[in-house]
Amino acid sequence: MIIPTTTAMASRSSLFSPTRRLPSRLLLSLLFVVVLVLPLCAYGIFNYGQKVSYFFRPVWDTPPRPFTRLPHYYAENVSTGQLCSLHGWSLREHPRRVFDAVIFSNELDLLEIRYRELYPYVTKFVILESNTTFTGISKPLYFARERAARFGFAKDKIAYSAFSGRIAPRDHYEDPFVLEADQRRALNALLKREGISNGDLLIMSDTDEIPSGHTMRLLQWCDGIPPVMHLELRNYMYSFEFPVDYSSWRASVHVYESGTQYKHSRQTDVILSDAGWHCSFCFRKLQDFVMKMTGYSHADRVRRTDFLNLERIQRIICNGDDLFDMLPEEYTFKDLIKKMGSIPRSVSAVHLPSYLLQNAEKFRFLLPGGCLRPPQ
C-alpha cells in the first residue's frame, strides 16, 4: 500500500482550490454578460434611450433665448384704427398686399379651413406641392386633384406649382432636411414669379399653422409693425379637442424686401401673442397619419414598425397620447413633469376658425367628441 506524501496530497488538492476554479467562474460571468446583459442593454437603449435622453434634457441642453412677446388686442366691434392704436401702431390709408405661402403635403382639410379663414385678407395663395414626401416616398398630387372641387372659391387667388422630388430607393429614406430645403428654395422662386414686391406681407408657415383672419387684418392695415415677427399659435394635437399649450412659434409674417427668404426657423426675437392655431396631426383618416409619420422631417421617430399599426394610432388619438412614445421636449424638470402623460381633453370649441364651426358636420373629427377615424 502506497501512502501519498504530503507534497502529493497538496498538489492534488490544489487542482480543486478556489484559485484553480476562478477562470471557469470568470468565463461563465463573461458569457452571462455577452448572452443576456448586453442584448438587454441594447434593447433598452434602442427602445428607451430617447426617453432617457429627453428626461435629462434639462441637464444637457440649454433653452433658446426667450421671445419678446407683443400683446395682442382684439375684440369684436372694435375698429381697426383703435386696434392699431392699442398696439402702438397707426392706421394706413390702404391695406398691404398679403401673400400666403405654404409647402403642401396632404393636409386637405386644414388647407381648406386655412384658405377660408384667410381669403378676405390674402392677395395670393402661393402653394408648392411635391410628388414625393420629404423622405423621398412617392405620393399623389393631392391638391392638384382636389383644386377645382374644394378650392374653386379661391381660384383667382391661387398660384400653384408642382415640384418634382427625388424618390428614395425601396426601404430607404432620403435626407428629409435636404429635400425640404430644395422645396423652400423652389417656393422662393415661385413667390418672385407671382410678383411679390417690397412692402407686401408674406406669411411663412406650414399648412397646419393657421394665422387668424383678424390677426392678418390687423397687420395689413397697421403701420409701424415689426418688419419680421413670429406668430404665437395655440398648439393642438390630433384635433381641437386636445389643446397642448402656446408653444408653437415657427409661423412668421414678414414685411417683404429683396433679401427675404422663405424659412421655417427662428428669424427674430419678436413674437405676436395668441395669433392663430396650430393643429398638428389633425387628419381625417388613419392612413394619413401613417403617411405623415413616415414622410415628414422627423420620420426617424418611427423606431418600430408597430408604431404604424392603425389600431394603435386610433387608440393614441382618442387617449391624447404621443404617437412616437416620446417625452415632452422641455428644458426644466418642472415643465417636463407637468406635461408628462396624456393631453387633457377640452370640451370647448370657442375661438376656433369660423369656417370650421359653420361646417361642423363636415369637420366633426376636428371637434370635441370626434376622435374616431376611418382607416382610409
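Predicted model: local features only at pLDDT ≥ 70, side-chain atom pairs only at ≥ 80, totals over all residues.
Biologist: Which element gives the largest share of the lining of the largest cavity?

Modeller: The lining consists of His72, Tyr73, Tyr74, Thr80, Leu83, His214, Arg217 and Leu218. Two elements give two or more residues each: helix H4 (80–86) and H8. The largest share is three residues, and it comes from H8.

Biologist: How many residues in the lining of the largest cavity are charged?

Modeller: Four of the lining residues are nonpolar and three are polar. Arg counts as charged, and Arg217 is in the lining. The charged count is one.

Biologist: Now the second largest pocket. Which residues lie nearest its centre?

Modeller: The space in the second largest pocket is about 570 Å³. Its lining has 22 residues: ten nonpolar, seven polar and five charged. Nearest the centre are Tyr74, Ser212, His214, Trp277 and His351.

Biologist: Which elements each supply at least two residues of that pocket's lining?

Modeller: His214 and Trp277 are among the residues nearest the centre of the second largest pocket. Helix H8 covers 213–221, and strand E14 covers residues 276–280. A further helix, H5, covers residues 108–118. The elements supplying at least two residues each are H5, H8 and E14.

Biologist: E14 belongs to a sheet. Which strands are at the edges of that sheet?

Modeller: The sheet is open, has four strands and shows mixed pairing. Its order is E7-E14-E10-E11. An edge strand here pairs on one side only; the edges are E7 (209–211) and E11 (243–248).

Biologist: By what angle are neighbouring strands turned against each other on average?

Modeller: Direction is ignored for this value. The average for neighbouring strands of the sheet is 25°.

Biologist: Parallel or antiparallel: in which sense do E10 and E14 pair?

Modeller: E10 spans residues 233–237 and E14 spans residues 276–280. Four bridges join them, and Arg234 stands opposite Trp277 in E14. The sense is parallel.

Biologist: And in which sense do E10 and E11 pair?

Modeller: These two strands form a hairpin with five residues between them. In the turn, Tyr238 has a positive phi of about 75°. Tyr236 has Pro243 in E11 as its bridge partner. Over three bridges, the sense is antiparallel.

Biologist: At what angle does helix H5 run to E7?

Modeller: H5 lies across two strands of the sheet, E7 and E14. To E7, H5 runs at about 15°.

Biologist: Is His278 buried or exposed?

Modeller: His278 sits in strand E14. Beyond its neighbours within four places in sequence, His278 is in contact with Asp208, Glu209, Leu233, Arg234, Asn235, Tyr236 and Ser248. Its relative accessible area is 13%. The cut-off for buried is under 20%, so His278 is buried.

Biologist: For the whole chain, what share of contacts between residues at least 6 apart joins residues at least 24 apart?

Modeller: The protein chain has 376 residues, and 45% of them are buried. Its secondary structure comes to twelve helices and 14 strands. Among contacts at least 6 apart in sequence, the share joining residues at least 24 apart is 74%.

Note on methods
Residues numbered from 1 in each chain as written. Heavy atoms only, no water. Pairing = 2+ DSSP bridges. Axes fitted to C-alpha atoms, helices over the stretch in contact; angles between N-to-C directions. Contact = heavy atoms within 4.5 Å. 1 Å grid on protein atoms, 1.4 Å probe; cavity = no way out; pocket = protein on both sides within 12 Å on 5 of 7 lines; lining within 4 Å. Points joined across faces, edges and corners; volume = space filled by probe spheres on them. Buried < 20%, exposed > 50% of the residue type's maximum accessible area, 1.4 Å probe, protein only.
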